[in-house]
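Please look over the sequence and structure before reading on.

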Amino acid sequence: MSDTGGERIEPFLPPSATDAEPAAAPAVPAPAPAPPPAAPAAPAEPSPAPAPTPSARSLAEQLARIEEKAARIEEKQARAEALMLRLEDKVQATSNLSGELARQSDLAALNDRVARLPGYSALIVTALIAAVLAASFTVALIKFLPGGIG
């Protein structure tokens with residue numbers, strides 16, 4: 001029904017004799033003829049009066065009301081679907097943001113660990129101290145060790 005674009009389509013009903021209101025049915029059916037007195041038969045139950053048939057106009061009005069209700073239900077369903085799509089987009093954006101924040105917190109922790117490492121100048125000073133100590137120990141071993149190399 002969403003193909004109609006919001007326009008209401010009226011059904012086409014050709015004019016017929018049923019457009020006129022049906023003749024009023026008698027309120028009480030005529031009594032059944034009395035059975036002959038010679039034959040004792042069970043009394044016949046009167047048949048119910050036939051229900052008056054609704055006119056084409058009332059059927060068309062009922063169909064129009066049903067179509068209007070269906071259109072309102074479709075509009076509500078479309079609004080609910082739009083809300084669900086917006087909610088889905090918000091959830092997706094939030095999950096992306098939380099993933100990005102998690103990556104940034106990992107990067108911040110790594111940056112803190114790297115910042116605590118010694119710098120280039122500290123490494124050069126450490127290498128010079130190690131070289132001087134190694135040379136002085138070697139000289140001390142050669143000079144003071146009995147039966148040393150020299």
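## Annotated segment

Which residues does the UniProt annotation "transmembrane region" cover? In the unreviewed entry, this annotation covers residues 120–142. The model shown is predicted. Over residues 120–142, the chain is 100% helix and 0% strand.

## Overall make-up

The protein has two helices and zero strands. Helix 1 spans residues 56–115. Of the 150 residues, 3% count as buried. The protein exposes about 13600 Å², and carbon and sulfur atoms supply 67% of that area.

## Positive patch

Arg65, Lys69, Arg72, Lys76 and Arg79 form a positive surface patch. One of these residues, Arg65, is found in helix 1.

## Nonpolar patch

A nonpolar surface patch of about 400 Å² is made by Leu107, Leu110, Val114 and Leu117. Among them, Val114 lies in helix 1.

Is Val114 buried, exposed or partly exposed? Val114 is partly exposed, and its relative accessible area is 48%. The patch cut-off is over 30%, so Val114 also qualifies on accessible area.

Terms used: Residues numbered from 1 in each chain as written. Predicted model: local features only at pLDDT ≥ 70, side-chain atom pairs only at ≥ 80, totals over all residues. Heavy atoms only, no water. Patch = residues over 30% accessible without salt bridge, like charges linked within 9 Å, V, L, I, M, F, W, Y side chains within 5 Å. Areas by Shrake-Rupley, 256 points an atom, 1.4 Å probe, with all protein chains shown as cover. Salt bridge = Lys/Arg side-chain N within 4 Å of Asp/Glu carboxyl O. Helix = DSSP H or I, 4+ residues; strand = E, 2+ residues; numbered from the N terminus. Buried < 20%, exposed > 50% of the residue type's maximum accessible area, 1.4 Å probe, protein only. UniProt positions renumbered as here; feature names shortened; annotations may be inferred. Lys, Arg positive; Asp, Glu negative; His and termini not counted. Charge placed at Lys NZ, Arg CZ, Asp CG, Glu CD.
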